Amino acid sequence: MKEDCFDVAVIGAGVSGAAIARKLSLYRLKVTLIEKCEDVSFGVSKANSGIIHAGFHHKPATLKSRLEIEGNLMFEKFQQELQFPFKRVGILVAAFSYEEMKTVEKLYQQGIENNVPLIEICNRERLLELEPKLNSDVSGGLYAPTGGIIEPYRYVFALVESAMKNGVKLFTDFKVIRAGYSGGQYTITSAKGRSLKAKYVINAGGLYADEISSLFKAEKYKIFPRKGEEYLLERNSSGFPNHVIFPVPIKNSKGTLVIPTVEGTMMIGPTAEEIKDKEDVATTPENLEKVFSLAMKMIPSISKREIITSFAGLRPAMEGNDFYIDISKKASHFIQVAGIQSPGLTASPAIAEYVKDLLKKDGLKLVEKRDYDPFLKGAMVVRGRTPEEADKLIKKDSAYGNIVCRCENVSEAEVTEAIEKGHTTMDGIKFYTRAGMGKCQGGFCTYKILHLINQKAGISINKITKRGGRSTIVYDTLSDKNIK
Amino acid sequence: MEKKLICISCPVGCHLIVASTRDRITVKGNQCKRGEIYGKEEMLSPKRIVTAVVKIRKKEYCYIPVKTEKPLLKKYIKPLLKELYRLEVDLPVKCGTVLIKNFENTGINVLITRSMKN
Amino acid sequence: MLEKKVNAVVIGGGSAGMAAALSIAEKGYQVAIIEREDTLGGILLQCIHNGFGLQEFKQELTGPEYAQRFEDFVHKNRKINIFLETTAVDITQNDNGTRVVNTYSKKHGVILFSADAVVLAMGCRERNRGNIAIAGTRPAGIFTAGLAQRLLNIDGFIPGKKVVIIGSGDIGLIMARRLTWVGTEVLGVVEIQPFPSGLTRNIVQCLNDFSIPLYLNHVVSRIYGKERVTKVRITPITQDGKIDEKKSFQIACDTILLSVGLIPDMELAKNAGVRINHDTNGPYVNADLMTSQEGIFACGNALHVHDIVDYVTEEARRCGSYVHDYIQGGRVKKQGNVIPGANIKYILPNHYVTHRNNRLYCRPMIVKNNAELFIKINKKFVLQKKLRHIQPSEMISIDLEKDVFKNIQKDQNHTLEVSIR
């Protein structure tokens, strides 16, 4: 079998890997992006809170704070090029005591040193004016208008789409289990026996970066999964704030936040819990209580009745609490991009730049392509349009007139587009289009999407999965053989 | 022999004690006549209405609902289901059409319960 | 873009929508039914079991048969225009007060319907895992009972091989039997309350017939499985309502069905400014079943969740008659409040009128044989009624003849309270 041969292989199609692959697609290079899951962003990234941080949470000397600030400032450009939803709604930190106000002052100083634009300390009155739904017991707080919100998975989808448009080759369901180096090339083999070659390797393996690193005989370190549970609340929630609301941070965590999402739903969370199992994304009733009591301390009108769903994600934490992005000292042409937890999403555009510079330093020749096209058209959606606009769209393609997901008003055309772009799992379609993400949680659209995947991608019904592997949706079709 | 049953004739759900001797069956615990009838029948020959779906020919993942016209003796339920899942019907169909006549000589017909055009 | 003028728009072509449309059209008014699926009938079409129509047709029909009868009536009625595969996305108001329903249709593009009255008859949705917050992982194989019913009875998809059902609602019970009849093993039904929430006859026919265990006073405390469900943990609840963790046990299964209640589908209505009643999750309605928004009416499961379709039909038909009064210019003038008293979860409508008879529907919170229902107006008894058997899963209907109001001072504010003991 002839193996594909690449200049650079990026392992892990989360925010970091996707941003790096896209950055590299600018150059005359053969680049591949490798993902162990069935779809991109299905690892750490999909359960990210979606905050574009302002840059006052981390100490000035860290790589984290430097890339956070740089990354934050790049989002307008990225949005313009890639057309994913992004809003600079601003971040508030709410303090409820004299001591907490002292911490707010420290955060402000840190923000100033990090060059966070327009950051300010607010007294109680100013804070309540900015955010009338805050608990009136609030003492004051911090306001950073440059903070924002995005949907992490849609950002990753857009990055990958753009990278692919510019020649990057994506392999999903490619779990790296073996790597060898000879003749200036790595041979990388997947669990399913596929293999490819690459001269440079970037380890953006998220939770599994430590295992990837040892497979490539590079540095030994350990990734500690830190679990965060989040709760999604319906549209028009009574507690929906104008800004992202943070509590005053404690220790390792930025705390439990109240987040207005770009699509008008609301999220509260995450928790922060050190765990052992890198696949443990279970939620618990204790944390439900904890998250709500913390969130309701900040915004009392938040109500549990408005929960749509809950989920948990894992942060890939590392000792030292900073990003670990560097050229490996042990393995040749191997770049570590590890420990990318918060603010990894915010920093991702800057991480990509930083990694590009490291590759250059490590001897990779970077020549810009002439035909590089940074722009994506963006997925066409029928929701939120005026009747005239919607009519035009439906006349152009009647599938826009068939609403598949009634809660989020997602049309057949949008689901079809997702399928055609390679998102053929239920979760992939959900994250790409929002179908199934609303109040009924797939109660009314699951069968329609199953049929569409079956028709458009030719996958038989009992092979369609929620998120790849053995996560099949239905077991079989009716048959007399099942009757014993 | 004595059996404890819950009457399903109406929502009250009386708890019945049905006793059978060689020549007669007595029902206790019922609040009305229907309970007595239910108890006796359940003791002698329990029957149920069966409902299921049948595949439409040449249409993938498309089924039509059916039912037994009257309650069917319980022991015939599985054989009937097996038969129904083997069958395929052609469109168009009309609600009320007999799909299976006198299933296994039980005197029970299976009816189609929805009209569907081609 | 199409613009259509009708007297009334009925949103939803299920049992409520069809009955309401027929009742409005009977008086000669033009009605449009907006239905998102490619056929009328709604959820009845997946309810292939029997037990429908005992009140309406005095015989036991299956869901599809019940739907078919109304569908045939609707198709024959020339005053009713049916718009299939058409989804209502928005309800707005013109400057002259008429309502505009904005719809998307594959065939016609956008259709804007303007009408004097709009009837909300879009039914309800199922409470899902998020609503009851079960701990554990999020694998494939978790279905609401109605979704599983749809997949099985219309598409012919078997959801799994070994199933545990959470909640003893009627759809869950019916599905226990249905799944058994396709060769799937149903390992148990887990109910948090001390009594089943479905009808007794369904416990007997759907569980006892197949020796399926019913775990009352139990909860599923955790879901396991990374890709597909692998097992559930079931935990009993003690008499004082606490979870008895030590007595937990596990059942290996690949599928979980949730039958934990229904909620009126009110998103469209909320966006139109309709005020929501937290006891029903449907809209507040006056004696004429009109919501807080002038000209927008509601009936069927969009108003409150009914246990039998015959009541839906009755209510929708009555709603239709109020709609034609409204189109003719009739408006409710003086009305009293209706409030729930002891042991009543909710009562509807939220108002009553004294110039005609009133039909009230209420749902009790207790299980009892030989209960008594009391009606008070301004704290004075006006009516007392014996009820042979009550339980939360069975709605109680009350007919108030207008004679009851004879001695009520018409100019006063009055409140009617219904309670059960």
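Trainee: How far apart do the C-alpha centres of domain 1 of chain A and domain 3 of chain A lie?

Mentor: They lie 30 Å apart, with bounds taken from an automatic or database domain assignment. Domain 1 of chain A covers 4-46 + 152-222 + 320-361, and domain 3 covers 387-463. Keep in mind that this is a predicted model: local features need pLDDT of at least 70, side-chain atom pairs count only at pLDDT 80 or more, and totals for chains, interfaces and linings use all residues. Residues are numbered from 1 along each chain as its sequence is written, chains are lettered from A and ligands numbered from 1 in the order written, and side-chain values use heavy atoms, without hydrogens and water.

Trainee: How much area do domain 1 and domain 3 of chain A bury between them?

Mentor: Buried area is the accessible area (1.4 Å probe) that two parts lose on being put together, summed over both. Here that's about 830 Å², 64% of it on carbon and sulfur atoms. On the domain 1 side, Tyr153(A), Phe157(A) and Glu161(A) lose the most area, together 45% of what that side buries.

Trainee: Which side chains meet in a salt bridge?

Mentor: Look for a Lys or Arg side-chain nitrogen within 4 Å of an Asp or Glu carboxyl oxygen. Glu161(A) and Lys421(A) pair up that way, at 2.8 Å, N to O. The count between domain 1 and domain 3 of chain A is one salt bridge.
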